[in-house]
Amino acid sequence: QVQLVESGGGLVHSGGSLRLSCAASGSIFSIGTMGWYRQAPGKERELVASITDGGRTNYADSVKGRFTISRDNAKNTLYLQMNSLESEDTAVYYCHAVTTRWGIRSDYWGQGTQVTVSS
């Protein structure tokens, strides 16, 4: 089992910055890819960015050049640095982790943190 706890959300003006953190605990040795998803009201949850355990990153087109995902394996923490925030970035942001043990994939989610960007 893996537990994920997000922090760092809040209210920011358009053009501002926020950094989200996600602390992982439990069976962290089995974590592979981690990522951030977001869900705006009335919309489906979407991938924002992901990072493999080897450090390879992937971003949604809408955040490329503005957001940076990183992970500190020594601290078991995932980060999302968000710059030049826009009102369209308003959503609940969820941390996600994938584990694979004995060929069985498991997905874990945090409880979510609200990000609100005012125009």
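A polar contact is a pair of N or O atoms within 3.5 Å; within protein, one atom must be able to donate a hydrogen and the other to accept it, and residues adjacent in sequence count only if both atoms are side-chain atoms. Such a contact joins the side chains of Asp-61 and Lys-64, at 3.2 Å. The structure is a predicted model, in which local features need pLDDT of at least 70 and side-chain atom pairs count only at pLDDT 80 or more, while totals for chains, interfaces and linings use all residues. Residues are numbered from 1 along each chain as its sequence is written, and side-chain values use heavy atoms, with hydrogens and water left out.

Asp-61 lies in the loop between strand E6 (57-59) and E7; strands (E, at least two residues) and helices (H or I, at least four) are DSSP runs, numbered from the N terminus. With a relative accessible area of 64%, Asp-61 is exposed (exposed means over 50%, buried under 20% and partly exposed in between, with a 1.4 Å probe and protein chains only). Between Asp-61 and Ser-30 there are 31 residues of separation in sequence and 29 Å in space, C-alpha to C-alpha.

The strands come next. Two of them pair if DSSP finds at least two bridges between them. Strand E3 (residues 18-26) runs antiparallel to strand E1 (residues 2-7), joined by six bridges, and Val-2 stands opposite Gly-26 here. E3 is also joined by six bridges to strand E8 (residues 77-82), again antiparallel, with Arg-19 opposite Gln-81. Trp-36 faces Ala-49 of E5, and in the hairpin of E4 and E5, Gly-42 takes a positive phi near 80°.

What is the bridge partner of Tyr-37 in E9? It is Tyr-94. Trp-109 is partly exposed, at 37% relative accessibility. A charge sits over a ring if NZ of Lys or CZ of Arg is within 6 Å of the ring centre and within 35 degrees of the ring normal. Arg-45 lies in this way over Tyr-94, 3.8 Å from the ring centre, and over the ring of Trp-109, 4.6 Å from its centre.

There are six salt bridges (a side-chain nitrogen of Lys or Arg within 4 Å of a carboxyl oxygen of Asp or Glu). One of them joins Asp-89 and Arg-38, at 2.9 Å, N to O, and connects the loop between E8 and E9 with strand E4, 51 residues apart. Asp-89 is buried, with a relative accessible area of 1%, and so is Arg-38, at 6%. Another joins Asp-107 and Arg-105, at 2.8 Å. Shared partners join Arg-38, Glu-46, Arg-66, Glu-86 and Asp-89 into one network of salt bridges.
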